[in-house]
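Subject: Structure for your files

Hello,

Here is the structure you were going to look at. The notes below it go through what was found.

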Amino acid sequence: DMLERRCGALQKKLDARPVMFQSPFDDGADASGMSRRPTWELGVVSVAGPRAGALTVLIYTAIDESLRAFTRRLLKRDAWLWIF
């Protein structure tokens, strides 16, 4: 019974908070506009070393940014989206 009351109280607090929307089309940037580092970067650095890790992240970032820009252009023009 106490647990149910506590759960109800916490649910009321949660319901009182504003809903924050996060776009499903996250562009990979944090609040400051800087690109986030890939989660796998430390694994690459630990296996291949810091230089190879930095190079891998650089290549990944360039390809990722290009693909995201291409996707944004596709989504702006319906005809391109249908053709693609």
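**Overall make-up**

Of the 84 residues in the protein chain, 8% are buried. This is a predicted model, with an average pLDDT of 80 for the protein chain. A pLDDT of at least 70 is reached by 80% of the residues. The accessible surface of the protein chain is about 7,900 Å², and carbon and sulfur atoms account for 64% of that surface.

The secondary structure consists of four helices and zero strands, so the pattern along the sequence reads α-α-α-α. Helix α1 covers 2-16 and helix α2 covers 41-48, while helix α3 spans residues 50-76.

**Where to be careful**

Over residues 30-34 the pLDDT stays under 50. For that stretch the model has three contacts beyond four places in sequence. Where pLDDT is low, the predicted coordinates should not be read in detail.

**The aromatic pair**

The count of aromatic pairs comes to one. Tryptophan 40 and tyrosine 60 make up this pair, in an edge-to-face arrangement. Their ring centres are 5.1 Å apart, with 85° between the planes; an angle over 60 degrees counts as edge-to-face. What does the pair tie together? Tryptophan 40 sits in the loop between α1 and α2, and tyrosine 60 sits in helix α3, so the pair links parts that are 20 residues apart in sequence.

**Arginine 37**

The loop between α1 and α2 also holds arginine 37. This residue has a relative accessible area of 65% and is therefore exposed. The C-alpha atoms of arginine 37 and threonine 61 are separated by 9.0 Å, although the two residues are 24 residues apart along the chain.

**Salt bridges**

Side chains of opposite charge can pair when their charged atoms come close. The structure holds two salt bridges.

- Arginine 5 pairs with aspartate 1, and their closest N and O atoms are 3.0 Å apart. Both arginine 5 and aspartate 1 are exposed.
- Aspartate 64 pairs with arginine 68, with 2.9 Å between the closest N and O atoms. Both of these residues lie in helix α3, four residues apart, which is about one turn of the helix.

How accessible are aspartate 64 and arginine 68? Aspartate 64 has a relative accessible area of 22%, so it counts as partly exposed. For arginine 68 the relative accessible area is 31%, so arginine 68 is partly exposed as well.

**Other points on helix α3**

Which residues make the nonpolar surface patch of about 500 Å²? The patch is made by Leu55, Leu58, Ile59, Ile63 and Leu67. Among them, leucine 67 lies in helix α3.

Threonine 71 is found in helix α3 too. At 38% relative accessibility, this threonine is partly exposed. The C-alpha atoms of threonine 71 and leucine 81 are separated by 9.0 Å, and these residues are ten residues apart along the chain.

**In brief**

The chain has four helices and zero strands, with 8% of its residues buried. The side-chain pairs to look at are the edge-to-face pair of tryptophan 40 and tyrosine 60, the salt bridge between arginine 5 and aspartate 1, and the salt bridge between aspartate 64 and arginine 68. Residues 30-34 are a stretch where pLDDT stays under 50.

Regards

Note on methods
Residues are numbered from 1 along each chain as its sequence is written. Side-chain values use heavy atoms; hydrogens and water are left out. Patches are made of residues with over 30% relative accessible area and no salt bridge: like charges are joined within 9 Å, nonpolar side chains (Val, Leu, Ile, Met, Phe, Trp, Tyr) within 5 Å. Accessible areas come from the Shrake-Rupley method with a 1.4 Å probe; for residues, only the protein chains shown count as cover. A salt bridge is a side-chain nitrogen of Lys or Arg within 4 Å of a carboxyl oxygen of Asp or Glu. Helices (H or I, at least four residues) and strands (E, at least two) are DSSP runs, numbered from the N terminus. pLDDT is the predictor's confidence in each residue, from 0 to 100. Contact means heavy atoms within 4.5 Å. Rings of Phe, Tyr and Trp (its six-membered ring) pair if their centres lie within 6.5 Å; planes under 30 degrees apart count as stacked, over 60 as edge-to-face and the rest as tilted. Buried means under 20% relative accessible area, exposed over 50%, partly exposed in between (1.4 Å probe, protein chains only).
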